2 protein chains.
Amino acid sequence: MRELVAHQILWRTANEAPGVEIVSPPRRFTYADLHERSTRLANGLRRRGIGRGSVVGVLDVNTHRYLELHYALSMLGAVLHTLNFRLPADDLLYTVQHAGDEWLLVGEGFEKVAAAADPIVANRVWLTDAAQPPRPGEPTLEDLIADGTATAPPEADGVSESDVLSIFYTTGTTGRPRGMRYRHRDMLLASLQILHHLALHRGGAEVSASDTFMPLIPFFHIHAWGTAFFVPYLGAKLVLPGRADPATQLELIRREGVTFVNMVPTQLHMLLEACDAADGDLPLKVLTGGSPLSRGLAQRAWQKGVRYSLIYGGSDQLATGISVAGAGDPESEAAQEMLRTGTVPLAMVEVAVRGADGTPVPHDGVTIGEVHVRSPWLPPEGYYRDPERSREAYRDGWFASGDLAVRLQGGQVYVVDRERDAIKSGGEWIPSAVLEAVISEHPRVAAVAVLAEPDERWGERPLAVVQPAGELDVEELYDLLRRAADEGRLARFWVPERIVLVEQIPVTSAGKIHKAALRTQFGMT
Amino acid sequence: MRELVAHQILWRTANEAPGVEIVSPPRRFTYADLHERSTRLANGLRRRGIGRGSVVGVLDVNTHRYLELHYALSMLGAVLHTLNFRLPADDLLYTVQHAGDEWLLVGEGFEKVAAAADPIVANRVWLTDAAQPPRPGEPTLEDLIADGTATAPPEADGVSESDVLSIFYTTGTTGRPRGMRYRHRDMLLASLQILHHLALHRGGAEVSASDTFMPLIPFFHIHAWGTAFFVPYLGAKLVLPGRADPATQLELIRREGVTFVNMVPTQLHMLLEACDAADGDLPLKVLTGGSPLSRGLAQRAWQKGVRYSLIYGGSDQLATGISVAGAGDPESEAAQEMLRTGTVPLAMVEVAVRGADGTPVPHDGVTIGEVHVRSPWLPPEGYYRDPERSREAYRDGWFASGDLAVRLQGGQVYVVDRERDAIKSGGEWIPSAVLEAVISEHPRVAAVAVLAEPDERWGERPLAVVQPAGELDVEELYDLLRRAADEGRLARFWVPERIVLVEQIPVTSAGKIHKAALRTQFGMT
């Protein structure tokens, strides 16, 4: 390879590790197969008019077809739009329109959403093994593969690392989704640095070339947190679970010898439940993040044999930091620190946690500032076709994340609150995530969200919204909070005056608590 | 950092690991110091007129000053010419002239060579702690540091990854040295990939972020095989030995907790001797290469606790492959295979071992072809100001190494002969390195070189030139070779008709056997 271009990674691995497996139930492939099928697919797509700069939307779970599309579109210099199928239909269609998708490639189970997009984009390819597509006359991916020759299309050599590889729309808690266009170089560097960090730092989820990888993070989330690229780069065995329930995931892990899985804490919770039901341990390296990992879940996972690392990042900054502590007993001090998402910036990433005056906060574990990030993979253009929000977030080569953090003495970045959720009370920050963490320690709290409620005297005060699991007296929660304040875990003035019990806390398409919806519910917007 | 630019690595690490040590006896520094001293130095150099594109020759062993110069010159967009002080004076001066050096920065002990360069380049800076420079009136590096402010020079932000970082002249065994200009991006990618490979593959010299590194490879050899960049990138402790003899190297290793050293086999041999004299083990991870590691040396090292990996590459291709087998007992099969320099290409490197017809040889461990390499860091221009030799070596984006190799069944590249040294006899290749390896197994062979002697019947036949250690009868060598042929280790027709004993085999400046000189000696040129 001459440049950092996605399909050049595959070309190399198809030569160096042709026989290594890619398992995508019920089928099994190798890197040689991936190379051949992607090349044929590229030519098949090309015959349909897809080429340099074409934007192609894909709706699917993690299957071999989706992986093949990554490399086929790369060879054409086309743009892969990884559609977030967890978005509300309205938002999803907005992203199809905003990105300018010319084709929609639709996996099994997404027929209905795809039909809703008919007025915006008519071209369809069906990602299925079925001989007959859901709509007669439209091609399947297998038709295109059968159509195409096995010689790389002429465009492939001309694709440059500064061409756009993919586009994705972030699921903010407010406003319309924001588009991020990733260049080949940016996405590859960012993806590979996740792998390099995990190999160099030997934390809980330490990796090596002998690991077998299974992404449970969907491809639309930064290409399964980079696995679509870093596993082929490594030439390691890859297991793509498709639409597997937790019991099937567990079976795949055991049958295929999976040693590394990425997932959000909710998925880990479900996998552990499946593991309880099936008996046996779960000796697995897990990279997790996206929302806080509770002490209870960490403890359960650890007892089963899970060793984990925590990642901090997002679609608009890509990977920024990963914890480096070994995943010892979660009761240990190092693990406690790590549970507070103490992550170390990846080797090419600069992090500045900046106070109100713009200067970096001291590494004291106390002073709160906003996380600013600079790295080789920040998008030069900011958000796609969104100059206003771009100006707000991307300034002087830095990304202003809106996340609040402290820096621990060892330099780790501990995020105390995400996405401007913190509360400004009497001129001081109250990190809602810390309050949420304490309240969630109560065994009968199913979910909790702390909002900033306007307050005449203090500007804002915290409002705790709690979804109980069974009988719950709010007085128990006040006791819990006051005890935590006595122990120095939170400031006394952080304790909310109002705790409200609700039947159901709304969640976003990404499974995060939907604070915007909650604010509307409480008449705050 | 936005781009892959050397000083941006330092900027990041000065923030993330300011207190980590850089030991350069008799002085001790930190990354914060390196940052400050490099910045002041950049400004001091700038005041003397050194700026974007200036070529600055440096003659020194591995000291903190040399490291500081790497980053100071990077901030100015100037070009660091790493002068090979082992070259014959005539060749050295040729490189000073050919590269267009405007300044010569001279370390202790290199005063005489520097004086010879007076007619070519007059500007001097002396790399010394002495208050008085060797030549009164000329500045020392410490003077420049004292001159300069601690704010980055204005040029620093404008340096691009495609600017030239350094220039070096390779020491071929024939002809004048060839110049290689390395761009920031190329050198950084290549350097970091060595580290990533060692971390991901967990071979003998596996590394992690907790290692302490000491380069015994001089900076002029690809910046100490990348350590000038990859150790600061990692933010790890770095020990720069200066002009340390093997006993002092050993003392440094023990005192500073060094866990990783790179060196050529000859240095390993000397270090082991120092270790024998001082008693005790040598639990050390060693990256070695440049010339073959003999079985005997590997065995001795292993018994002392050394775990090693072998690297294949060169100044004109940078790192290409590193062995991945764990360094078990050298008698084991895996280690035997590794000793044959079975290296696995780095993750971004494509290797094709091509037969005479240009197609890749099968992975059968037998068929010999020429090693062709493609990687993101090959120089776009080939050799500097040398179009003819560039055209010969760099073709269609590939580097034709001239090295002969087979590919083992696992895909490893086993180099059977370097630099077109092999012998073509009756249309078949005879790898001289294999003959040399067998002959060197004799306990009283100090050095051996096998040359291609013109032969009327066969075209060429091998001629073995042997430097004995003590009493040696050539018949013993014939016996040894015949036994090896019986065992299938070499083909019967490879056994040379002529074995000649000499008092001294000439070596090149890099410590390799000087086959060109030997050929002249035997009237072959």
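**View 1. Helix H2(B) crosses helix H3(B) in a right-handed sense.** A crossing counts as right-handed if the near helix is turned clockwise from the far one by less than a right angle, and as left-handed if anticlockwise. The axes of helix H2 (residues 31-47) and helix H3 (residues 64-76) of chain B come within 8 Å and cross at roughly 55°. Axes are lines fitted to C-alpha atoms, for helices over the stretch in contact, with angles from 0 to 180 degrees between N-to-C directions. H2(B) and H3(B) are therefore oblique to each other (under 35 degrees is roughly parallel, over 145 roughly antiparallel, 65 to 115 roughly perpendicular, the rest oblique). Among the contacting residues are Leu34(B), Leu41(B) and Leu45(B) of H2(B), and Leu67(B), Tyr71(B) and Met75(B) of H3(B). Residues are in contact if their C-beta atoms, placed from the backbone, lie within 7 Å. The residues of this contact divide into nine nonpolar, two polar and three charged. Ala, Val, Leu, Ile, Met, Phe, Trp, Tyr, Cys and Pro count as nonpolar, Asp, Glu, Lys and Arg as charged, and the others, Gly among them, as polar.

The model is predicted: local features need pLDDT of at least 70 and side-chain atom pairs count only at pLDDT 80 or more, while totals for chains, interfaces and linings use all residues. Residues are numbered from 1 along each chain as its sequence is written, and chains are lettered from A and ligands numbered from 1 in the order in which they are written.

**View 2. An open sheet of six strands in chain A has mixed pairing.** The strand order is E6-E5-E3-E4-E7-E8. Helices (H or I, at least four residues) and strands (E, at least two) are DSSP runs, numbered from the N terminus. Strands E6 (123-127) and E8 (178-183) of chain A stand at the edges, each with a single partner strand, so one side of each has no neighbour in the sheet. Neighbouring strands are turned by 25° against each other on average, direction ignored. H7(A) packs on the sheet, touching strand E7 (164-170) and E8 of chain A, and its direction makes about 85° with that of E8(A).

**View 3. Strands E3 (residues 55-59) and E5 (residues 103-107) of chain A pair in the parallel sense.** The pairing runs over four bridges; two strands pair if DSSP finds at least two bridges between them. Leu104(A) in E5(A) is the bridge partner of Gly57(A).

**View 4. Chain A touches chain B through 24 residues from each chain.** Helices H1 (6-16), H7 (184-201) and H9 (227-234) of chain A each supply at least two residues of the chain A side. The largest share, four residues, comes from H7(A).

Conventions:
Contact = placed C-beta atoms within 7 Å.
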